[in-house]
Amino acid sequence: KKVRIKVPATTANLGPGFDTLGMALDLYMWIEMGVADKTAVHLIGDQMSGLPTGKSNLVYQVAQQVFAKAGVEHPELEISMYSDIPLTRGLGSSASAIIGGMAAANALIGSPLSDDTLFQMATALEEHPDNVGPALFGGLVVAFWDGARAEHIRVEPDDRLEALVAIPHFELLTEKARQVLPREQSLANAVYNVGHSSVLVAAFCTGRLDMIAGAMKDALHQPYRAPLVPGLSKILAEATDHGALGVALSGAGPTMLALVERGSSRKAELEAFLLGTLKDEGIEATLMWLK
Ligand code: HSE
């Protein structure tokens, strides 16, 4: 018996929602899993070259966690993975692998674990729910994790929105982009982000696209990460002058995400602004329009 799972890329934070907001994107990873005599992990395509092909592979490891939780033993697995999600770029590829691996393992043994259980296990692994949430539930996910339990609400993304991602051609490890964040923050910064994140979620829920630009601003992480992503400060400050409804660093970066109204006549202008700004900093990047 074999199962095949398709799992989306995700963009976390959406600006102010650090570790709490995330959205699924229509860019995918596929994982096929079956019980085998001897473990083998096949990595198909270029996106995953360099990843481990044995039992240290993340997908194998999370599958074993699912089996342990369900009280089932399947020590040997044949796993094939294909992905269109670039690694270490801020598009949640590790969360997609965790959710894909857990969902595939659960399906392989007849789905004894609930989605909520998978969500709790995946969040505990990542230590924040903002990528694994939308990877598992889809759409826009508003979530928190208190160290013991994660709670979430899924919101339907507005049909009128499209996302343009600018993916720089360099890697940035999440760990490194978290190390630059101060351990302590001011009350003023906390209030700033609670307000902006709350208004952003309310704007998504009520269709107030006009409020997105102002609400997507952040004081907790992007200012500290800007030195790691040349061009980010200018893009955050000016993308809305070039046709974006809002703009943010995607997850821990280096990818940047602009939200755009679907029928916008300014898409070419925004594309040129993003590529031009990055080019001035000596950074090559790939643009992708996603839903
Ligand atoms: N919320 C996380 C961060 C997402 O910004 O570090 C990246 O995994």
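Predicted model: local features only at pLDDT ≥ 70, side-chain atom pairs only at ≥ 80, totals over all residues.
Colleague: How should I read the pair α1 and α2: within what distance do their axes come, and at roughly what angle do they cross?

Modeller: For a helix pair, look at the distance between the axes and then at the angle. Helix α1 spans residues 58-70 and helix α2 spans residues 93-108; their axes come within 8 Å and cross at roughly 45 degrees. That angle makes α1 oblique to α2. The crossing of the two is right-handed.

Colleague: Which residues of α1 and α2 meet?

Modeller: On the α1 side they are L58, V59, V62, A63, V66 and F67. They meet S94, A97, I98, G100, G101, M102, A104, A105 and N106 of α2. Sorted by class, this contact has 11 nonpolar residues, 4 polar ones and no charged ones.

Colleague: And what is the hand of the crossing where α2 passes α3?

Modeller: It is right-handed. The axes of α2 and helix α3, residues 115-126, come within 10 Å and cross at roughly 145 degrees. From α2, the contact uses A95, I98, I99, M102, A103 and N106, and from α3 it uses L118, M121, A122, L125 and E126. By class there are 9 nonpolar, 1 polar and 1 charged residues in the contact of α2 with α3.

Colleague: Let us turn to strands. Which strand do 11 bridges join to β1?

Modeller: The general idea comes before the case. Strands of a sheet pair through backbone hydrogen bonds, and the pairing is either parallel or antiparallel. Here the partner is β2: 11 bridges join β1 (residues 2-12) to β2 (residues 21-35), and the two run antiparallel.

Colleague: How many bridges join β2 to β4?

Modeller: There are 7 of them, again with antiparallel strands, and β4 is residues 77-83.

Colleague: What is the strand order in the open sheet of 4 strands?

Modeller: The order is β8-β9-β7-β10, with antiparallel pairing. Strands β8 (246-249) and β10 (285-290) stand at the edges with a single partner strand each, so one side of each is left without a neighbour in the sheet. From one strand to the next, the twist averages 20 degrees.

Colleague: How do I walk across it, pair by pair?

Modeller: Start at β8, which 4 bridges join to β9 (residues 256-261); A248 has L257 in β9 as its bridge partner. Next, β7 and β9 pair over 6 bridges in the antiparallel sense, with A163 opposite L259. Finally, 6 bridges join β7 to β10, also antiparallel, and I167 is partnered by T286 in β10.

Colleague: Which helix packs on this sheet, and which strands does it touch?

Modeller: Helix α10, residues 267-280, packs on the sheet and touches β7 (161-168), β9 and β10. The direction of α10 makes about 150 degrees with that of β10.

Colleague: Which residues does UniProt list for "domain: GHMP kinase C-terminal"?

Modeller: The unreviewed entry lists residues 201-269. That span is 35% helix and 14% strand, and its end C-alpha atoms lie 27 Å apart.

Key. Residues numbered from 1 in each chain as written. Axes fitted to C-alpha atoms, helices over the stretch in contact; angles between N-to-C directions. Parallel < 35°, antiparallel > 145°, perpendicular 65-115°, else oblique. Left-handed = near helix turned anticlockwise from the far one by under 90°. Contact = placed C-beta atoms within 7 Å. Nonpolar A, V, L, I, M, F, W, Y, C, P; charged D, E, K, R; others polar. Pairing = 2+ DSSP bridges. UniProt positions renumbered as here; feature names shortened; annotations may be inferred.
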